[in-house]
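Please look over the sequence and the model shown here before reading on. A short briefing comes after them.

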Amino acid sequence: MSLYEELGGEAAVNAAVDIFYRRVLSDAYVIRFFEGVDMEKQAAKQKAFLTMVFGGPNSYTGLDMREGHKHMVEKMGLNDSHFEHILAHLRSTLAELGVPAEKIQEVINIADSVRADVLDR
Ligand code: HEM
């Protein structure tokens with residue numbers, strides 16, 4: 001079974017979207033990156049984000065991640081400190097959903113594997 005299936009597949013992603021979204025958007029340290037991004041696009045983004053870090057079928061590539069975040073690196077100073085905040089929200093979202101610690105770590109490892117692409121280096 002893939003990690004994505006173990007976590008509960010699309011239903012698990014849907015459950016996580018609201019919690020993750022709420023946590024990210026109530027974080028004063030990263031909110032500025034999300035201002036002016038339209039809600040519909042944002043919901044799809046959250047879903048794509050979570051499917052990807054769960055190891056699911058939505059196969060975003062490094063190139064997509066690089067292109068998708070480059071403007072934030074160049075114009076808004078997106079860096080490791082912001083990346084760490086997003087990882088922390090991911091951790092606490094999964095903990096709130098009762099995901100076991102070792103599965104949370106697997107998800108975090110996948111998320112961390114795109115760090116260099118997201119931060120364009
Ligand atoms: C594990 C790391 C990350 C992953 C896997 C990820 C994933 C994604 C995905 C799949 C998209 C949608 C791209 C598209 O199709 O348009 C996206 C867009 C976006 N991401 Fe990330 N992301 C990560 C880190 C971050 C961080 C650290 C921030 C800021 C603190 C961030 C802010 C955004 C914003 C604001 C958008 C929307 C950009 C726009 O529509 O203009 N992401 N991300």
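Predicted model: local features only at pLDDT ≥ 70, side-chain atom pairs only at ≥ 80, totals over all residues.

Residues are numbered from 1 along each chain as its sequence is written. The protein chain has eight helices and zero strands, where helices (H or I, at least four residues) and strands (E, at least two) are DSSP runs numbered from the N terminus.

**Overall fold**

- Read from the N terminus, the elements of the protein chain run α-α-α-α-α-α-α-α.
- The radius of gyration of the protein chain is 14 Å, close to the 14 Å that the globule rule gives for 121 residues, so the chain is as compact as a globular protein of that length. The radius is taken over C-alpha atoms, and the rule is 2.2 Å times the number of residues to the power 0.38.
- The C-alpha trace of the protein chain spans about 40 × 30 × 25 Å along its principal axes.
- Of the 121 residues in the protein chain, 20% are buried (20 or more other C-beta atoms within 10 Å of the residue's own; exposed means 12 or fewer, partly exposed in between; C-beta atoms are placed from the backbone).
- Among contacts with a separation of 6 or more in the protein chain, 78% join residues 24 or more positions apart (contact: C-beta atoms, placed from the backbone, within 7 Å).

**Ligand shell**

- Of the 20 residues around the ligand, Phe33, Ala48, Gly68, His82 and Ala111 come nearest (near: C-beta atom, placed from the backbone, within 6 Å).
- Helix 3 (31-34), helix 4 (39-53), helix 5 (62-76) and helix 6 (80-96) each supply at least two residues of the shell.
- Helix 4 gives the most to the shell, with six residues.
- The shell has 15 nonpolar, three polar and two charged residues; Ala, Val, Leu, Ile, Met, Phe, Trp, Tyr, Cys and Pro count as nonpolar, Asp, Glu, Lys and Arg as charged, and the others, Gly among them, as polar.

**Helix 4**

- Helix 4 has 15 residues and reaches 21 Å from its first C-alpha to its last, close to the 21 Å expected at 1.5 Å a residue (1.5 Å times one less than the number of residues).
- Its buried residues are Phe49, Leu50, Thr51, Met52 and Val53, and their cover includes helix 2 (9-25), helix 6 and helix 7.

**Serine 113**

- Serine 113 is found in the loop between helix 7 (101-112) and helix 8 (115-118).
- Serine 113 counts as exposed because it has 12 C-beta neighbours inside 10 Å.
- The C-alpha atoms of serine 113 and valine 53 are separated by 9.4 Å, with the two residues 60 apart along the chain.

Notes. Contact = placed C-beta atoms within 7 Å.
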